[in-house]
Structures are given as C-alpha cells and as structure tokens.
Amino acid sequence: MGLDGGLMARIKFKGLQEYEVKLSKLAANSREIAGQAIYIAADIVADAVKEAIEALPVDENYGTHDKKSHGIKQIQKDGLIDSWGISQMRDDQGFYNVKLGFDGYNGLKTQGHPSGQPNQMIARAVESGTTFSDKIPFVRPAVNASKARAEKAMVETLDEEINKIMD
C-alpha cells in the first residue's frame with residue numbers, strides 16, 4: 001500500500017534488454033522519423049498553397065496604376081509557381097523544422113528590378129494588397145485549410161514509423 005492508503009501500481013518488464021534495444025534504435029532514428037513526418041506535412045501545405053497560387057486571377061494591368069487591379073500578371077503568377085518550395089530540414093537545438101516560401105525573381109524586368117521582381121515581394125503584395133491592387137489572401141487561407149490534414153498525416157507517419165521499430 002502507498003502512503004495514502006491506496007494501492008501502488010506495479011510494473012513488470014519481461015525482456016528489458018529487448019526493450020532497451022528498441023528504445024536505442026528509436027533514438028538513433030529519431031531525426032529520420034521526424035523528417036519523414038515533417039516533409040509529409042510540408043508537402044500537404046505546399047500543395048495547398050500551390051493550388052491557391054494557380055487559382056490567382058490574372059490582370060495584365062497589375063502595377064500600371066491606371067486602375068486598382070484585382071490579380072497579377074501571368075509572368076508574376078508563373079514566377080510565384082516556379083519559386084514556391086520547401087527548404088531542407090534544419091535542427092534548431094532539437095527542434096526540427098522546414099520552411100515553405102518563395103525564392104528568386106520572376107521574369108518581369110522593370111527599371112526598379114532589372115533582374116526581375118522578387119517573388120517574395122509579389123507574394124506579399126498580393127496577400128496584403130497595395131495602393132494599386134486589391135488584397136487577395138492566398139497563403140494564409142491555404143495554410144489554414146490544410147493544417148488539420150497535415151497534422152493528421154504527421155501523426156500517422158510518426159505512429160507508423162515508431163510502431164515499425166517498437167513491434
């Protein structure tokens with residue numbers, strides 16, 4: 001009996017060495033297992049955002065200041081699609097993560113951007129709007145819509161990989 005008069009739990013281990021081996025194997029493979037789960041979740045979110053980019057309206061008057069536009073030029077949209085991606089997994093003091101985002105420049109060369117416009121700038125302008133274009137949120141809604149699916153896939157992957165080692 002415990003000090004409070006209640007029954008104490010007993011735990012009996014059979015094959016403790018086998019259990020230790022499995023735990024060691026699990027620890028040794030934790031980065032790989034976490035990576036699989038993280039990339040599966042990131043792919044789900046990335047695909048949702050890419051679909052949202054593909055659904056953006058095209059307005060070839062974007063940026064001309066003639067009238068407020070509701071959409072972007074096709075060349076800007078193509079730049080967003082081509083530059084959207086997932087970074088390599090990083091280990092930040094035991095916290096594994098990847099980043100999703102836009103990289104590089106689109107093919108629209110301007111006086112201010114002779115190498116092409118930064119894709120991050122165009123994404124931010126579309127997401128938040130500007131003085132000459134309507135706000136068309138596409139990243140945040142796609143992330144929010146895919147979050148539950150990504151989390152579920154991550155849990156399923158972790159469970160499956162851990163069970164492979166522990167069973």
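Which helices each supply at least two residues of the lining of the largest pocket? They are helix 2 (30-54) and helix 5 (139-166); the details are in point 2.

1. Basis. This is a predicted model, in which local features need pLDDT of at least 70 and side-chain atom pairs count only at pLDDT 80 or more, while totals for chains, interfaces and linings use all residues. Residues are numbered from 1 along each chain as its sequence is written, and side-chain values use heavy atoms, with hydrogens and water left out. Helices (H or I, at least four residues) and strands (E, at least two) are DSSP runs numbered from the N terminus.

2. Largest pocket. Its space is about 270 Å³. A pocket is defined on a 1 Å grid over the protein atoms alone, as an open set of points where a 1.4 Å probe fits, with protein on both sides within 12 Å along at least five of seven lines; lining residues have an atom within 4 Å of a point. Grid points are joined across faces, edges and corners, and the volume is the space filled by probe spheres set on the points. The lining of the largest pocket has 13 residues, and Ala41, Val45, Leu100, Arg140 and Val143 lie nearest the centre. Helix 5 provides the largest share of this lining, seven residues. By class the lining has ten nonpolar residues, three charged and no polar ones. Here Ala, Val, Leu, Ile, Met, Phe, Trp, Tyr, Cys and Pro count as nonpolar, Asp, Glu, Lys and Arg as charged, and the others, Gly among them, as polar.

3. Second largest pocket. About 200 Å³ of space lies here. Of the 14 lining residues, Tyr62, Gly63, Gln76, Gln117 and Phe132 lie nearest the centre of the second largest pocket. Helix 4 (residues 119-128) gives the most to this lining, with three residues. The classes are six nonpolar, seven polar and one charged.

4. Helix 4. Asn119, Ile122, Ala123, Ala125, Val126 and Glu127 are buried in this helix, where buried means under 20% relative accessible area, exposed over 50%, and partly exposed in between (1.4 Å probe, protein chains only). The buried residues of helix 4 pack against helix 3 and helix 5. Gly129 follows helix 4 and has a positive phi, near 85°.

5. Asp59. This residue sits in the loop between helix 2 and helix 3 (74-83). Asp59 is buried, at a relative accessible area of 10%. Its side chain reaches the backbone nitrogen of His70 at 3.2 Å, a polar contact being a pair of N or O atoms within 3.5 Å; within protein, one must be able to donate a hydrogen and the other to accept it, and residues adjacent in sequence count only if both atoms are side-chain atoms. Leaving aside residues up to four places away in sequence, Asp59 touches Lys67, Ser69, His70, Gly71, Ile72 and Lys73, contact meaning heavy atoms within 4.5 Å.

6. Leu108. The loop between strand 4 (100-101) and helix 4 holds Leu108, which is buried at 19% relative accessibility. Leu108 and Gln74 are 34 residues apart in sequence and 9.8 Å apart in space, C-alpha to C-alpha. Residues up to four places away in sequence not counted, Leu108 touches Lys73, Ile75, Gln76, His113, Gly116 and Gln117.

7. Salt bridges. The whole structure has four, a salt bridge being a side-chain nitrogen of Lys or Arg within 4 Å of a carboxyl oxygen of Asp or Glu. One of them joins Asp92 and Arg90, with the closest N and O atoms 2.9 Å apart. Asp92 is partly exposed at 29% relative accessibility, and Arg90 is partly exposed at 44%.

8. Lys152 and Glu156 meet at 3.7 Å, N to O. They are separated by about one helical turn, because they are four residues apart in helix 5. Lys152 is exposed at 54%, whereas Glu156 is partly exposed at 44%. Lys164 pairs with Glu160, the closest N and O atoms being 3.9 Å apart; these two residues are also four apart in helix 5 and so separated by about one helical turn. Lys164 is exposed at 55% and Glu160 partly exposed at 47%. Glu160, Glu161 and Lys164 are linked in a network of salt bridges.
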